[in-house]
Amino acid sequence: MSAVRTAHTARTVLAATAVAALTAGALAAPAVAATAPKKPDHTATQQALDAAVEAGVPGAVAQARSGRAGWTGTAGERGGEDRYRVGSITKTFVATVLLQLQAEGRLDLDDPVEKWLPGVVRGNGHDGRKITVRQLLNHTSGIYSYTADTKFQEQVFGPGFLEHRYDTWAPKQLVAIAMTHKPDFTPGTAWTYSNTNYVLAGMVIEKVTGRPYGKEVERRIVKPLKLRATSVPGTTATMPKPSSRAFSKLALDDNATTIHDVTRLNPSLAGAAGEMISDSNDLQSFYRALLKGKLLPRAEMREMTKAVPVSAEAPEFFYGLGLMRTKLSCGKEVWGHGGGIHGSSSQAVVTRDGEHSLAMNFNADWAGDSQTVVEAEFCG
C-alpha cells in the first residue's frame, strides 16, 4: 500500500512519478556531422543509494533505463535482481485493469460503486450510491482509509504484527473497518489518499469479471508483458528468490530502536491496495509499456492521466487514476507511483514518452527518502 502506514502515505506515494514533457517540434538544423548522444550518468543516483544506507537503510537497489541503455545500482545488503514487495505500486496495475474493462464496454468508471457492490459501502455517512468507480481510483471518494484505524494500526503496524503477521484479511473485512468511521469529506469535493478505495476497486474487478483481481492482473498485464518477477501473492507469506530480508521497527512513533525482520507476512492485509511483488526491471517494463500506450487505448490513457491536485501545500503533485504526476525540482515531470509496506519502500517512475525510467527499493520502512533517488536520477 502506499505506505500501508498512514503516517508515511503522503510522502511515500506522492514521492515519485515521472515525465519529461514531449517537445512539440524542433528547429531545422544545418547539415552537420551527427553528435553521439550523451551517455546517461547515474553517479548521483548511486550516491543517493549510498546515502540512504549511511542513514540507516540496510539495503537499497535501483535500476534505470534511458532509451535502450540500462543501469543497475545497489548499496548495502541488496542484489541488483532482488524482488520486493511493491506496496501501493499495485494500484497502477489495478487501475489499468479497470480502464481495460471500460474500453471493453464491461463497466463505466462513472458507474456508482453501489451498482457493482450493493450494500458494501454503507455506514456512518458512507454511501456507495453517491460514489463512482472513478472516485475510487483518483482518491476523491472521501471513503475513510482502513489503515488509519487505530486498532488496525496497533495490530498490523505495531508490535502486534509479530502475533498477527500470518492472519488472513478478507477484502470485506478491511472495508468494514473503514465503514465504522465517518467519511473524510463529501465525494468529489476534495482529495485524500485512502487504501480502502483500492480494496473496493479490486472487489469491483472480481464482480465484473467473475475472477479475483489478481488473476485479471496476471492475465492482462503480467503474462502479456512477460513480467517474470511480478506476482500477486494472495495469502502466501514467503518471498520468491532472489530477494533480501525486509526490516521494520514496528513502531507508530519515531522512538523505537529495536529492528525486526518482517520479511514473512500475509499480504492480504493490503490486498488490491498493495500486495504485489516485483523487481526493478519488471516495474520499468510495466510503466514504460503503460505510458507508451501498449496497455490502454488512447481514450482510456487520457482518462488515466487526467490528474487532480493533491493539495495546495504540495502543488508539484497530481493524482490521476492510479498514476501520479510529479514535477521535480529541475522542472522535469515524471509519472508513476510509490509504495510502502512492512520493511519495504519503493518508487517506480517514467517520463511521459516512456523513454527514461527508474525503479528502486529500500528494504526498510523507517529510514531513507526514496524521493532523493528519483531527484538524483532525473535532475542529477
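## Disulfide

At 40% relative accessibility, Cys330 counts as partly exposed (between the limits for buried, under 20%, and exposed, over 50%, with a 1.4 Å probe and protein chains only). The model is predicted, so local features need pLDDT of at least 70 and side-chain atom pairs pLDDT 80 or more, while totals for chains, interfaces and linings use all residues. Residues are numbered from 1 along each chain as its sequence is written, and side-chain values use heavy atoms, with hydrogens and water left out.

The partner of Cys330 is Cys379, with 2.1 Å between the two sulfur atoms of this disulfide (cysteine sulfur atoms within 2.5 Å). The pair joins distant parts of the chain: Cys330 sits in the loop between β12 (324-327) and β13 (333-341), and Cys379 belongs to helix α13 (residues 370-379), 49 residues apart. Helices and strands here are DSSP runs, H or I of at least four residues and E of at least two, numbered from the N terminus.

The S-S torsion of Cys330 and Cys379 is about -65°, so the disulfide is left-handed. The disulfide count for the structure is one.

## Salt bridges

The structure holds 15 salt bridges (a side-chain nitrogen of Lys or Arg within 4 Å of a carboxyl oxygen of Asp or Glu). One of them joins the side chains of Arg122 and Glu114, at 3.1 Å from N to O. Arg122 is partly exposed at 35% relative accessible area, whereas Glu114 is buried at 17%.

A salt bridge also pairs Glu303 with Arg134, at 2.7 Å from N to O. Glu303 lies in helix α12 (residues 298-304) and Arg134 in helix α5 (residues 133-137), so this pair ties together parts 169 residues apart in sequence. Glu303 has 21% relative accessibility and counts as partly exposed.

Lys292 and Glu355 meet through their side chains at 2.8 Å, N to O. This pair, too, links distant parts of the chain: Lys292 is in the loop between α11 (280-291) and α12, and Glu355 is in the loop between β14 (344-350) and β15 (356-362), 63 residues apart. Lys292 counts as partly exposed at 37% relative accessibility, and Glu355 counts as partly exposed at 31%. Elsewhere, salt bridges with shared partners connect Glu104, Arg106, Arg211, Glu216, Arg219 and Arg220 in one network.

## Cavity

One cavity of 30 Å³ or more is present in the structure (points on a 1 Å grid over the protein atoms alone where a 1.4 Å probe fits but cannot get out; lining residues have an atom within 4 Å of a point). The largest cavity has about 100 Å³ of space (the volume filled by probe spheres set on points joined across faces, edges and corners). It is lined by 15 residues, and those closest to its centre are Tyr84, Arg85, Met239, Ser244 and Ala246. Strand β4 (residues 83-85) contributes the most to this lining, with three residues.

## Helix α9

Helix α9 (residues 195-209) has 15 residues, and the distance from its first C-alpha to its last is 22 Å, close to the 21 Å expected at 1.5 Å a residue (1.5 Å times one less than the number of residues). The helix is mostly covered, with 13 of the 15 residues of α9 buried. Gly210 follows α9 and has a positive phi, near 80°.

Terms used. On a 1 Å grid over the protein atoms alone, a cavity is a set of points where a 1.4 Å probe fits but cannot get out, and a pocket is an open set with protein on both sides within 12 Å along at least five of seven lines; lining residues have an atom within 4 Å of a point.
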